[in-house]
Amino acid sequence: MEPTCWYLIIFISLSVVFQNLNNAEGRAHFLKDETDRRSHDYSSPNGPLNSSSQRIFNVMAFGATGNGYADDKAAFRAAWKKACAVDSGVLLVPKGYSFMITSTIFSGPCKGALVLQVDGDLMPPNGPKHWPKSDSAMQWLVFYQLHQMTLTGSGTIEGNGQQWWELPCKPHRGPNGTTLPGPCDSPALIRFFMSSNLVVRGLRIQNSPQFHMKFDGCQGVLIEKLSISSPKLSPNTDGIHVENTKHVQIYDSVIGTGDDCISIGTGCSNVHIEGVTCGPSHGISIGSLGNHHSQACVSNVTVRNAMIRESDNGVRIKTWQGGSGSVYGISFENVQMENVLHCIIIDQYYCLSKACRNQTAAVYLTDVTYRNIKGTYDVRAPPIHFACSDAVPCTNITLSEVELLPYEGELVGEPFCWNAYGTQETQTIPPISCLLDGEPATIGEFPPYQC
């Protein structure tokens, strides 16, 4: 065959190949445009049909109204069931809508990791009068037996707590500022129970009837970039509460509530808190522990690079008399205070009334470090208060670079210590002369203090 013919055949073959490539590229662009277009199509319960979006389950596709007053629980539960049944499922709560759902439990285990993406507004019924009698008044959203779940989004979880706070059984809410007896259950807004490898990120959570977020019996929790808020006088509205939970990380969040910004209950270990801005509030607290003669065990808690402002307490450890167990390995480091009433406090006489009697048992506190705690305090109370048990002293308290000055006026009282042993690595401001040196003779390896 002549060379010219060979060149012609090669040219035609290459033309066909390039034409097919162009057609394939065109189809790819078409499919991408179609995918982008269909990503806003909520008509199919399974979402868009492209492979990457088959695992996105939008609650609008399951019948949610998003009008803020109709109960969308059935749609959320149906979407949850689908998302839980696939690998890497996403339950989408879309932007631009307000969803009201009544109390429910979202249960696992799921097939794989699951994301609840809240980009719209999500809320419970508005107050106790609208709360269904058949629903628990102790909790609203419960996430149970889940592994590798993420709760995130750009939306708001609104607690509608105002009417709960005003119940006459709440502190000072009865006639003439009294507190009336009677049932006083109020729901925690979000509860994670018996779950592991959890992430909560980026949300705004506000105005909870009681605790905003609770973790109980969990392992491996990452919380970051949250905004949690409720009014300063809203009762029992802790921001984040953890108990019986291990390996917790709380980062870069802003919390202001009517109670503790963060509270750490019994059974917690390896808790790291960093970059948190707290206030107004009751501070960052370990406890209360040892109520009703119970055993309490908390260890390896670090609070670092935090700001606490306009709060009743700064960093606090609180235990009831008569308990047992121990708290150890606690570090508060690089904490800035601004107009805080009790900046540093250990209170082993915690009591909600004046009827608590002195007990001969207590939770044992040891290895507690306060390093680089600086700022200003409210002069109505001394900034440092170590009230340890008569029977069980606090030991190995370390103070270093603690400098606390009056926010306004002059110091009214000196720091207070009772049965507290420790050392000052640097001179404390204000000076603290009541901390006892060495170790007490009465503490040994007694079983009540072991965990």
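This passage looks at an open parallel sheet in a predicted model and at one residue in it, Ile284. Because the model is predicted, local features need pLDDT of at least 70 and side-chain atom pairs count only at pLDDT 80 or more, while totals for chains, interfaces and linings use all residues. Residues are numbered from 1 along each chain as its sequence is written, and side-chain values use heavy atoms, with hydrogens and water left out.

The sheet is open and holds eleven strands, ordered β5-β8-β11-β14-β17-β20-β23-β25-β27-β29-β31, with parallel pairing. Strands here are DSSP runs of E with at least two residues, helices are runs of H or I with at least four, and both are numbered from the N terminus; two strands pair if DSSP finds at least two bridges between them. At the edges stand β5 (104-107) and β31 (416-418), each with a single partner strand, so one side of each has no neighbour in the sheet. On average, neighbouring strands are turned by 15° against each other, direction ignored; axes are lines fitted to C-alpha atoms, for helices over the stretch in contact, and angles run from 0 to 180 degrees between N-to-C directions.

Further into detail, β11 (residues 188-193) and β14 (residues 213-216) pair in the parallel sense over four bridges, and Phe193 stands opposite Asp216 in β14. Helix α2 (residues 73-84) packs on the sheet, touching β5 and β8 (139-144), where contact means heavy atoms within 4.5 Å. The direction of α2 makes about 10° with that of β5.

As for Ile284, this residue is found in β23 (residues 284-289). Ile284 counts as buried because its relative accessibility is 2%, buried being under 20% relative accessible area, exposed over 50% and partly exposed in between (1.4 Å probe, protein chains only). Leaving out residues up to four places away in sequence, Ile284 touches Ile262, Ile273, Cys278, Val303, Ile308, Gly314, Val315 and Arg316. Of these, Val315 is 31 residues from Ile284 in sequence, with 5.1 Å between the C-alpha atoms.
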